[in-house]
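This report describes aromatic contacts, a surface patch and a nonpolar core in one protein model. Please view the sequence and the structure together.

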Amino acid sequence: AHSTGMPVMRPMFMTFNKDARTFAMDDQFMLGPALLVKPVHRAGETSASVYLPRTVVDPVLGGDYAVGSDGLSVPTLWYDFWKHGSVEVPPSPPGATAGSPGLDYTVQLSKDRVPVFQLGGTVVVTRERVRRSSAAMRGDPVTLLVCADAKGKAKGSVFVDDEDTFDYRDKGAMAFGDIILTEAGLRYAAGVRPEAVFSPVDVV
């Protein structure tokens, strides 16, 4: 975000700009390219309707996601961030446009969590241990949430620095790259290799 100006919190149409349903949508948003968040605004609500759009771009190969290697249409998968179950958005019917509507999906609400869904085909990096501060989390294990799409592929980026200084900018003290899931398995492709002045301490 600091280098491209792309906000971390994004309106739905920034990611799904071919879906007209998202153009005026103001009751849910994307957190980065992978996570869909549905805030709960009113007290006493027990359920919420979440709109799950279709994906039109292949996250790993680029190009048209909606068509598989066999030439058949494939569904879009969304994963419940808390329960890890998947929801399938059926593929567009023959002759439909790339921006054809997605799926309205009803979820049951709890008092301590808002609905969050991860888009199939993405990888999210998290730290699962709850601490009093981010400084106390330094060195904690890193968890990869790999959510495959209907083609069995996924891709996401990971960035690591010293979490304290501007050395990532001034000295190149950082590690950055892509985590990619294909038929061959899970691999890491380094985009920027860490300099000698920086040694990552995170464990996956």
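The sections below treat the basis of the model, its aromatic rings, its surface and its core.

The model is predicted: local features need pLDDT of at least 70, side-chain atom pairs count only at pLDDT 80 or more, and totals for chains, interfaces and linings use all residues. Residues are numbered from 1 along each chain as its sequence is written, and side-chain values use heavy atoms, with hydrogens and water left out.

**Aromatic rings**

The whole structure contains 5 aromatic pairs. Rings of Phe, Tyr and Trp (its six-membered ring) pair if their centres lie within 6.5 Å; planes under 30 degrees apart are stacked, over 60 edge-to-face, and the rest tilted. Two of these pairs are set out here.

| Pair | Centre to centre | Angle between planes | Class |
|---|---|---|---|
| Phe159 and Tyr168 | 6.2 Å | 90° | edge-to-face |
| Phe166 and Tyr168 | 6.3 Å | 40° | tilted |

Phe159, Phe166 and Tyr168 form one aromatic cluster. Relative accessible area (1.4 Å probe, protein chains only) under 20% means buried, over 50% exposed, and in between partly exposed. Tyr168 is buried because its relative accessibility is 19%, whereas Phe159, at 41%, is partly exposed.

Elsewhere, the charged end of Arg21 sits over the ring of Tyr51, 4.1 Å from the ring centre. This term requires NZ of Lys or CZ of Arg within 6 Å of the ring centre and within 35 degrees of the ring normal.

**Surface patch**

Met6, Phe13, Met14 and Phe23 make a nonpolar surface patch of about 350 Å². Such a patch joins nonpolar side chains (Val, Leu, Ile, Met, Phe, Trp, Tyr) within 5 Å, from residues with over 30% relative accessible area and no salt bridge (a side-chain nitrogen of Lys or Arg within 4 Å of a carboxyl oxygen of Asp or Glu). Phe23 lies in the loop between α1 (12-15) and β2 (29-31), and its relative accessibility of 48% makes Phe23 partly exposed. Helices (H or I, at least four residues) and strands (E, at least two) are DSSP runs, numbered from the N terminus.

**Nonpolar core**

The largest nonpolar core has 16 residues, and Leu36, Leu52, Trp78 and Phe117 have the most contacts inside it. A core is a set of buried Ala, Val, Leu, Ile, Met, Phe, Trp, Tyr and Cys residues joined through side-chain atoms within 4.5 Å. Two or more residues come from each of β4 (47-52), β6 (86-89) and β8 (116-119); β4 gives the most, with 4 residues.

Methods: Patch = residues over 30% accessible without salt bridge, like charges linked within 9 Å, V, L, I, M, F, W, Y side chains within 5 Å. Areas by Shrake-Rupley, 256 points an atom, 1.4 Å probe, with all protein chains shown as cover.
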